[in-house]
Amino acid sequence: MNKKWVSRFMAPAAAALILAGCNFSGSGDEASGDSEGGSAEGDGSSAQVITLSEGSDIPTMDSTKAHDSIAFNVLNNINEGLYRQNESNEVELAMAEKHDKNEDETVHTFTLREQNWSNGEPVTAQDFEYAWKRVMREAGPYNYMLVTAGIKNAEAIMNEEVDAEELGVKAVDEKTLEVTLEAPNPLFETLLAFATFLPQNQAFVEEQGDQYALEAENVLANGPFVFSEWQQEQGWTLEKNEDYWDAENVKLDKAEFVVIKDPQSGANLYETEKVDRVKLTSSLVDQYQDNEGFTNEKASGIVFLRFNHNHEVLSNANIRRAVNMAIDRDGLTDVILKDGSTPLYGVVPEGYYNSPEGQDYRELNGDINKGTPEEAQEFWTKGLEEAGIDSLTVSLNIADTDEMKKVGEYLQAQLEDNLPGFKLELKAVPFAQRLEIEKAIEYDLSLSTWGPDYADPMTYLDMWVDGSSANRMDYVNPKLDELVAEARTDTDLSNRYKTLLEIEKVLLEEDAAVAPLYQRGNTYLTRPSIENLVIHPAGADLSLKWASVK
Amino acid sequence: MKRYLLQRFAYAALTLFIIVSATFLLMQLLPGTPYSNAEKLTESQRAILDAKYGLDKPVAIQYLTYIGNLVQGDLGYSFQYQGRTVMSMIGDRIGPSALIGLQGLVFGTIIGLVLGIVSALRHNTALDYASVTIAVLGMSIPSFVFAALLQYYIGVKLGWLPVALWENYQSTILPSLALSVTVIATVARFIRSEMLEVLGQDYVTTARAKGLNESGVIWKHVIRNALIPVVTMLGPLAVSIMTGTLVIEKIFGVPGLGEQFTLSILVLDYSVIMGITLLYSALFIFVVFVVDVLYGLLDPRIDLKGGSKA
């Protein structure tokens, strides 16, 4: 009897209790209507509403602490810094109306435009000063961006030698911000579009205390959209900011984001028109590649092989060049990966980084170390002779993800087939471990990845200088170090770009120091009625400012 | 009874303490850092961050600090979700998990009982074979396969219920159904064999010999006695549901704990891993305890008062 009593009364009662506390997002109001509008089918008026998806919740909405692309994406659309990335991934003046420099370009004066926060307070120069110093004071995860920007004392503050108050940023008056740099920096404007450089309203932040940025109503907007709703783990809503200075160019009324963790569910939601854009994994590509909304988008991350330059045989440039040429990248991306990735013969990926004259970096530098198995064998024989050996067994350090294991097995087959006497052992470890092994340079070959910090080729090039924390293979070429140093302070942008091209040539043409494999890509299902969703290479990868529904 | 409860409570606390300690130490063996941009951090930056979060201290000190805070009910802050306490994260996410878990368990038990009883009463008929087949399928096919099938056919093809996401009560039905499959199969198989055993008992023959009508025999003597061992199944089943939710929540986009748990392990969100482990263990211990008590209530042969009499 007791058993029945339990199942009859207690369980339903408990369920009712739980039901009360389980945060449904729909709750019968606007949500369902919105998703219909999002599909823009049926009603001719095509409401300017879209529903997008992300793979997980926003870790934090505090721009000084943000550390991942999901947060950067939201911040980029609801906030605005001195500069903003435009549709062609170049930066243009945003919160700043005017940008003056002194003669040697070390003191920058910004004049802010008239813009209010979403609580009605004006955006002031003090907001920038406060936020930037806060990044340094709280050791925000991207505080090194202020060091990369070369802001005075940023490095000393990061190393805890100087107080954060000493940072080279000062509000001269309410609308004038003065930033002092350690040295002229051609990257400065590019970096200013990054989320770490967003302003924060001190009074609001302090009033919210430890609740700041934890709920939609605890953040302020000063950008094209306001952050109107946020349901933990479920999604969030951005609505057009009518008070935005450039509101007339913002067409979307509303963008909803839902959290979808399973790609197949995402595809199903796309098919039932609940969501207008979902990311596909390679296993779903075959199934959906004929769909009208299927798109292949180049991403800005690269995957490459690191050689341990201390290894007695791998330190030989002919051997490294042979490895470079023995790998058929087309087979890798088109047959094995099928996820939108494209072959890469350089360390700077294609399609994002134009010269001041408007030419793509990859186009200008071409394919480096692309060769046939025969050419590879020539270098291989020469290298083996120089090393005085007739065969070579090395191991490959890889992360144990599906993608990396597939690539590792492919490399093993290619290298062992095309280079007689080459033997490759795969050592798959968890991602974090792969990184530790790499940092300690305790590998022969390592399958590595790199993503850009900012939208400039330099983010793929200065990592190879002697002693850089991202070098991780003891590669040293003083010529490259010199070129990087030169490009870092060269404010003649055309000349600087030439130097950037030169750096890659030293790294690959001269030294074959690494073996680039492919540029990452993404495959999406995107409702064809959506126009001008802008995808950026670095920082925030999505801008909605120019998007609209046909 | 009171002494028994106290004793159980002490054991529970001890078990939890051992689990917390083991998890804490095992977690330290995982490579990596809880910082999401580990790839970009230089050694000196990492040292500064470690100092900020107290991760530079010896493991023993970190452990003592954690236990100290835990005793005061402080589970700490998440690394990944900056500024959020583990307590508030668990609070936000436990509702959905518990709802689909409970619904799955209750629905599964009821359907399982019906299937099992029917097939025992119609032993060796087509009905029996059908329900045994269902049970075997349910046991051997993992719940996420059912989840995918349900999602595709009921959500996409028929459009009767939401494909995924957590919008209203309808959103809970498919995940609960997917979770209930294992429960249905387990309960059905179990009750069927129990029923068959009880049906062959002398007291059933006696009851029939007394002239009791058949439904009276079945309800009063067979089902009631066959149900008792089923109660023991509920403990392990509840636990299997807890782990089952990890995948089901991901597929249906349920904002629950399970998905958060896997994620926090992947990104090494130390405090969240600890918090959820603690919660799961506590729930498990509680469920086992409830089952033990229920068992004692249902079966007079079991005496909860003294372990000594046995």
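Visitor: Which residues does A:Tyr497 touch, not counting residues up to four places away in sequence?
Guide: This is a predicted model, and in it A:Tyr497 sits in helix α19 (residues 493–510) of chain A. A:Glu357 is 140 residues away from A:Tyr497 in sequence, yet the two C-alpha atoms are 9.8 Å apart in space. With residues up to four places away left out, A:Tyr497 touches A:Ser355 and A:Pro356.

Visitor: Is A:Tyr497 buried or exposed?
Guide: A residue counts as buried if 20 or more other C-beta atoms lie within 10 Å of its own. A:Tyr497 has 23 other C-beta atoms within 10 Å, so the residue is buried.

Visitor: Which residue is the bridge partner of A:Val169?
Guide: Strand β6(A) is joined by 4 bridges to β7 (residues 176–180) of chain A, and the two run antiparallel. The partner of A:Val169 lies in β7(A). That partner is A:Val179.

Visitor: Which element gives the largest share of the side of domain 1 of chain A that touches domain 2 of chain A?
Guide: Chain A is divided into domain 1 (1–79 + 223–276 + 527–550), domain 2 (80–215) and domain 3 (299–521). Between domain 1 and domain 2 of chain A, 25 residues of the one are in contact with 25 residues of the other. On the domain 1 side, the elements that give two or more residues are α3 (69–78) and β8 (225–231) of chain A. The largest share, 3 residues, comes from α3(A).

Visitor: How many residues of the side of domain 1 of chain A that touches domain 2 of chain A are charged?
Guide: The residues on this side of domain 1 of chain A fall into three classes. There are 11 nonpolar and 11 polar residues, and the charged ones number 3.

Visitor: Which element gives the most to the side of chain B that touches chain A?
Guide: 55 residues of chain B are in contact with 55 residues of chain A. Elements giving two or more residues to the chain B side include α2 (43–53), α4 (86–121) and α9 (214–252) of chain B. By class, this side has 27 nonpolar, 18 polar and 10 charged residues. The element that gives the most, with 10 residues, is α4(B).

Visitor: How far apart are the end C-alpha atoms of residues 97–118 of chain B?
Guide: The UniProt annotation "transmembrane region", from an unreviewed entry, covers several spans of chain B, including residues 97–118. Over residues 97–118 the chain is 100% helix and 0% strand. The end C-alpha atoms of that span are apart by 31 Å.

Key:
Residues are numbered from 1 along each chain as its sequence is written. Chains are lettered from A and ligands numbered from 1 in the order in which they are written. This is a predicted model: local features need pLDDT of at least 70, side-chain atom pairs count only at pLDDT 80 or more; totals for chains, interfaces and linings use all residues. UniProt positions are given in the numbering used here, feature names are shortened, and annotations may be inferred rather than shown by experiment. Two strands pair if DSSP finds at least two bridges between them. A residue is buried if 20 or more other C-beta atoms lie within 10 Å of its own, exposed if 12 or fewer, and partly exposed in between; C-beta atoms are placed from the backbone. Two residues are in contact if their C-beta atoms, placed from the backbone, lie within 7 Å. Domain bounds come from an automatic or database domain assignment. Ala, Val, Leu, Ile, Met, Phe, Trp, Tyr, Cys and Pro count as nonpolar, Asp, Glu, Lys and Arg as charged, and the others, Gly among them, as polar.
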